[in-house]
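Have the model open beside you as you read.

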Amino acid sequence: MEMNDKNGIARDLGVELCGVKLKNPVIPASGCFGYGYTMSEWYDINILGSISFKGTTLHPRFGNPLPRVAECTSGMINSVGLQNPGIDKVISEELPLMRRDFSGPIMANISGFAIEEYTECCKRITGESQVEWIELNVSCPNVHGGGMSFGTSCDSVAEVVGAVKKVTTLPVIVKLTPNVTDIVSIAKSAEDAGADGICLINTMLGMRIDLKTRKPVVANIMGGFSGQAVFPVALRMVWQVSHACSIPVVGCGGVSTAEDVLEMMMAGATAVEVGTANLIDPLACKRIIESLPDAMARYNIKSLKELKDL
Amino acid sequence: MHRNSDTRYTIIDNSWIGNNTKMMILEGPTDEFTSPGQFVNIAVPGFTLRRPISVCDIDGDTMTLVYDVIGHGTEALAELKAGDKLDILPALGRGFDMSKCGDRPLLLGGGVGCPPIYSLAKNLIEAGVLPTVVLGFNSEERMIMIEQFENLDIPFYVATLDGSYGTKGYVTDVIANEGLNPDFFYACGPLPMLKALCAQLDIPGQLSLEARMACGFGVCMCCSLETKSGAKRICKDGPVFDKEDLIWK
């Protein structure tokens with residue numbers, strides 16, 4: 001979609017992700033936007049390119065004990081623990097509300113603790129209107145694999161991607177954890193197994209200790225570190241993976257300004273997710289999208305698609 | 001249709017009202033507040049996460065907040081001066097439901113849980129209801145807002161844990177000693193106080209809970225609570241919950 005900059009010159013914000021057109025590359029990241037409709041209290045969310053909905057599992061989950069959040073310099077730690085009402089309630093109760101307020105393409109973020117949980121969820125979400133991609137969260141522990149995260153070994157990533165690709169016609173975007181020694185080999189393994197795209201990064205494992213109580217701040221001891229502080233790490237991984245793989249990359253991690261979006265796209269991202277920024281400023285995505293045309297003008301960018309050809 | 005996106009407030013005053021407690025008066029939009037017990041989420045310069053603070057009073061376009069200085073975030077808030085600006089998300093959460101108050105509502109506040117009780121008492125009086133208020137503190141030196149509550153001219157009691165002022169003990173001791181006979185109660189304070197009240201009072205009530213939050217507007221799931229009617233968000237479905245909905249472990 002074209003938007004005018006402050007001098008009235010049209011800037012093309014449109015991008016295409018796995019064959020699906022987005023009016024702009026800005027997508028609220030999973031877990032930072034619920035199922036969309038709660039955020040429509042703040043602004044018309046139809047301005048967004050897409051929405052990645054709250055990580056959904058086969059069974060309902062309450063998640064981890066409280067406290068689930070800790071302040072960090074230029075970031076935060078969360079240990080929500082994939083709280084969600086389960087795929088069936090998401091389809092029957094959350095998606096209708098999401099579609100009431102948002103008419104664009106929806107990214108279904110799916111998590112699991114066993115291969116069969118991923119495949120069952122993906123089967124059930126496939127065919128739901130407006131759901132255009134599956135975003136496979138492979139950062140959860142594999143209960144049949146000694147609790148190690150699916151996303152930390154090439155073999156288990158390939159296994160879950162291969163299994164999911166057999167049960168869905170939707171493009172599968174694999175959201176990778178940065179907590180690995182070699183992100184490129186994991187991404188290539190996902191690509192070889194049939195992934196249609198890669199999203200990175202999920203949160204980095206971190207922790208904080210309360211000096212007064214001498215105990216970890218979050219009840220789960222460790223949690224996912226996110227926010228502006230992780231942006232350079234995310235950008236580096238987007239660069240590495242987009243130069244090593246031929247499938248599109250969705251950049252995610254610490255993005256909070258239009259300039260961050262441009263930088264992610266110059267690193268090779270096709271679209272860009274915004275996470276923690278939404279929690280600090282509920283209007284973050286709206287402000288980013290509205291300031292993109294002027295940011296593009298400042299750096300002489302006529303169309304965001306042209307950045308992909310760097 | 002959408003929430004007001006002008007979230008800039010100007011500090012009118014930011015003064016100590018107790019040993020460890022400050023009162024901040026701010027000027028800015030207040031039209032979105034619908035009930036006492038709602039809270040605001042303040043962007044503290046230099047910190048990532050906003051700090052949620054319940055509202056003590058609304059008067060025209062001024063808003064009064066009372067906060068304990070307990071960590072780096074509130075220490076930074078305490079440094080701010082009249083004229084400084086703050087980015088604040090107002091009118092968050094579901095406050096006290098005044099329509100449930102019955103004929104003889106009892107209002108209970110503990111420590112820094114007293115400020116929203118002040119707002120509730122004031123609103124009930126304006127609605128023609130006569131509430132009774134009981135406040136609890138650790139000691140006389142930790143007491144706050146006594147004069148403001150006294151000026152409401154309603155039945156009013158104070159308990160201190162060390163007996164340095166009022167009844168020695170807890171708010172529950174005041175209820176027993178004074179033979180208070182409410183038909184509904186509202187409470188805001190530490191969890192052990194809320195739990196004791198639910199065990200003592202065989203009447204319906206509403207309780208305001210707190211939790212560490214990230215967003216404060218219902219999307220991050222950092223402040224979830226298991227209730228008899230399923231998982232709830234303290235920031236969005238609360239902070240005020242019906243006694244009947246709470247599960248005490």
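## Ground rules

This is a predicted model, where local features need pLDDT of at least 70, side-chain atom pairs count only at pLDDT 80 or more, and totals for chains, interfaces and linings use all residues. Residues are numbered from 1 along each chain as its sequence is written, chains are lettered from A and ligands numbered from 1 in the order in which they are written, and side-chain values use heavy atoms, with hydrogens and water left out.

Helices (H or I, at least four residues) and strands (E, at least two) are DSSP runs, numbered from the N terminus.

## Two helices crossing in chain A

Start with helix H6 (residues 258-266) and helix H8 (residues 284-298) of chain A, which pack at an angle of about 65 degrees with their axes 8 Å apart. The axes are lines fitted to C-alpha atoms, for helices over the stretch in contact, and angles run from 0 to 180 degrees between N-to-C directions. On the H6(A) side you'll find A:Ala258, A:Glu259, A:Val261 and A:Leu262, meeting A:Ile288, A:Ser291, A:Leu292, A:Ala295, A:Met296 and A:Arg298 of H8(A). Contact here means heavy atoms within 4.5 Å.

## A helix with buried residues

Now look at helix H2 (residues 115-125) of chain A. Its buried residues are A:Ile115, A:Glu117, A:Tyr118, A:Thr119, A:Cys121, A:Cys122 and A:Ile125. Buried means under 20% relative accessible area, exposed over 50%, and partly exposed in between (1.4 Å probe, protein chains only). The cover over the buried residues of H2(A) includes helix H1 (87-101), strand S9 (106-111), strand S10 (131-137) and helix H3 (154-167) of chain A. After H2(A) comes A:Gly127, with a positive phi near 100 degrees.

## Where chain A touches chain B

A:Thr38 sits in the loop between strand S5 (26-28) and strand S6 (51-52) of chain A. A:Thr38 is buried, at 9% relative accessible area. Apart from neighbours within four places in sequence, A:Thr38 is in contact with B:Phe217, B:Gly218, B:Val219, B:Arg233 and B:Lys236.

## Strand S2 of chain B

B:Thr21 belongs to strand S2 (residues 21-27) of chain B and is buried, with a relative accessible area of 3%. Its side chain makes a polar contact of 2.7 Å with that of B:Asp68. A polar contact is a pair of N or O atoms within 3.5 Å; within protein, one must be able to donate a hydrogen and the other to accept it, and residues adjacent in sequence count only if both atoms are side-chain atoms.

B:Leu26 is in strand S2 of chain B too, and counts as buried at 0% relative accessibility. Leaving out neighbours within four places in sequence, B:Leu26 has contacts including B:Tyr9, B:Ile11, B:Met63 and B:Ile88.

## Aromatic pairs

How many aromatic pairs are there over all chains? The count is 7, where rings of Phe, Tyr and Trp (its six-membered ring) pair if their centres lie within 6.5 Å; planes under 30 degrees apart count as stacked, over 60 as edge-to-face and the rest as tilted. One of them is B:Phe96 with B:Tyr186, edge-to-face at 5.6 Å centre to centre and 85 degrees between the planes. B:Phe96 lies in the loop between strand S6 (85-92) and strand S7 (105-110) of chain B and B:Tyr186 in strand S11 (residues 184-188), so the pair ties together parts that are 90 residues apart in sequence.
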